[in-house]
Amino acid sequence: MNTEQTIQWFPGHMAKAERKIKEQLGIVDAVAEIIDARIPVSSRNPDLSRIISNKPRIVILNKCDMADPKATADWINYYNSQGIAAVALDCRSGKGINKFSETVKKELAGKLEYYRSKGLVGKPLRVMVVGIPNVGKSTFINRIAGGNKAKAENRPGVTRGNQWFTIDKELELLDTPGVLWPKFEDATVGEHLAFTGAVKDNVIDTLLLAVKLCEYLRDNYKDLIEQRYKITVTDKDAYDIFCEIGKKRGFLARGGETDEDRTANMLLEEFRNCKIGNITIEKVDK
Ligand code: G4P
């Protein structure tokens with residue numbers, strides 16, 4: 001992919017996001033960071049920890065309906081072992097969505113207790129929602145708040161333009177005007193974001209990407225590609241596997257060669273739509 005162009009493009013956006021997050025940090029009790037359960041490393045911005053400093057953080061592993069459940073459980077354990085609360089959600093169907101409020105209230109039980117002890121009855125916990133584009137921020141908020149936009153008036157210190165959502169009498173969410181941006185530290189971050197469709201296809205070499213995906217699937221989810229494409233995967237070269245898949249689908253170019261474009265598009269599309277199976281690209285290092 002053309003990382004040069006992307007790297008030049010993102011920092012300005014991230015600087016703006018950082019400023020906006022910092023502006024609002026003082027009026028929230030915690031930050032909920034939404035990441036993609038299939039690529040928990042590449043779909044987060046590692047600068048967030050520095051930006052939010054010691055504000056409590058709740059990690060949402062979203063799109064868990066498409067990820068490998070075992071890998072998602074490993075990520076939750078990983079975050080918990082770092083003292084960070086984490087919850088796996090499927091915001092498209094809404095499955096498990098209540099776990100979010102439960103987790104926030106458990107994490108911030110001390111704060112709720114403090115509010116009560118100070119006679120601040122009815123003061124809700126406030127949580128800022130952040131995430132890189134396409135990770136499911138809007139879907140999450142729509143799903144959990146169901147259109148319950150809070151009234152914005154009479155809020156000292158609250159910048160106009162922020163959107164507050166009431167979840168229940170103890171919890172409100174702030175949808176930040178600035179979104180996080182991915183950090184292209186190395187080429188794999190861009191590649192993994194592209195696998196999931198979070199980065200547009202037009203900045204990537206689709207063939208290269210699809211062959212890389214084949215390589216990963218060969219090494220990690222051999223059974224799934226064998227079942228889906230009715231092929232036998234040995235330790236074959238990833239490009240050979242790619243061609244075999246194309247041929248099985250009847251995607252042939254002139255001379256009987258595999259039609260690379262059609263095969264690459266089909267493979268990426270099927271991965272993105274979870275047709276190959278529940279796959280996690282980035283797993284916890286063991
Ligand atoms: P954003 O605000 O962070 O940019 O993301 P947004 O909510 O727009 O979600 C991006 C895409 O991810 C949407 O799909 C949305 O439906 C999908 N999505 C969000 N959460 C989940 C989830 O938990 N599981 C699955 N499988 N998908 C999820 P889209 O194809 O762009 O739009 P649409 O076809 O749903 O309208």
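Two strands are taken to pair if DSSP finds at least two bridges between them, and the strands (E, at least two residues) and helices (H or I, at least four residues) are DSSP runs numbered from the N terminus. The structure is a predicted model, in which local features need pLDDT of at least 70 and side-chain atom pairs count only at pLDDT 80 or more, while totals for chains, interfaces and linings use all residues. Residues are numbered from 1 along each chain as its sequence is written, and side-chain values use heavy atoms, with hydrogens and water left out.

**The sheet**

Six strands form an open sheet of mixed pairing, in the order β3-β2-β1-β4-β6-β5. Because β3 (85-88) and β5 (163-168) stand at the edges with a single partner strand each, one side of each is left without a neighbour in the sheet. From one strand to the next the twist averages 25 degrees, with axes fitted as lines to C-alpha atoms and angles running from 0 to 180 degrees between N-to-C directions.

A hairpin of two residues connects β5 to β6.

**Pocket and cavity**

Both kinds of space are found on a 1 Å grid over the protein atoms alone: a cavity is a set of points where a 1.4 Å probe fits but cannot get out, a pocket is an open set with protein on both sides within 12 Å along at least five of seven lines, and lining residues have an atom within 4 Å of a point. The largest pocket has a volume of about 370 Å³, a volume being the space filled by probe spheres set on the points. Its lining comprises 17 residues, of which Arg-38, Lys-63, Met-66, Arg-92 and Asn-134 lie nearest the centre; two are nonpolar, eight polar and seven charged. Helix α6 (residues 137-145) gives the largest share of this lining, three residues.

There is one cavity of 30 Å³ or more, and the largest cavity holds about 50 Å³ of space. Its lining includes Arg-38, Lys-63 and Asn-134, and divides into five nonpolar, three polar and three charged residues.

**The ligand**

Around the ligand are 15 residues, of which Asp-65, Cys-91, Asn-134, Ser-138 and Thr-139 come nearest; a residue is counted if one of its heavy atoms lies within 4 Å. The table gives polar contacts, pairs of N or O atoms within 3.5 Å.

| Residue | Atom of the residue | Ligand atom and distance |
|---|---|---|
| Asp-65 | polar side-chain atom | nitrogen, 2.8 Å |
| Asn-134 | backbone N or O atom | oxygen, 2.8 Å |
| Ser-138 | polar side-chain atom | oxygen, 2.5 Å |

Notes:
Nonpolar A, V, L, I, M, F, W, Y, C, P; charged D, E, K, R; others polar. Polar contact = N/O pair within 3.5 Å; in protein donor to acceptor, adjacent residues only side chain to side chain.
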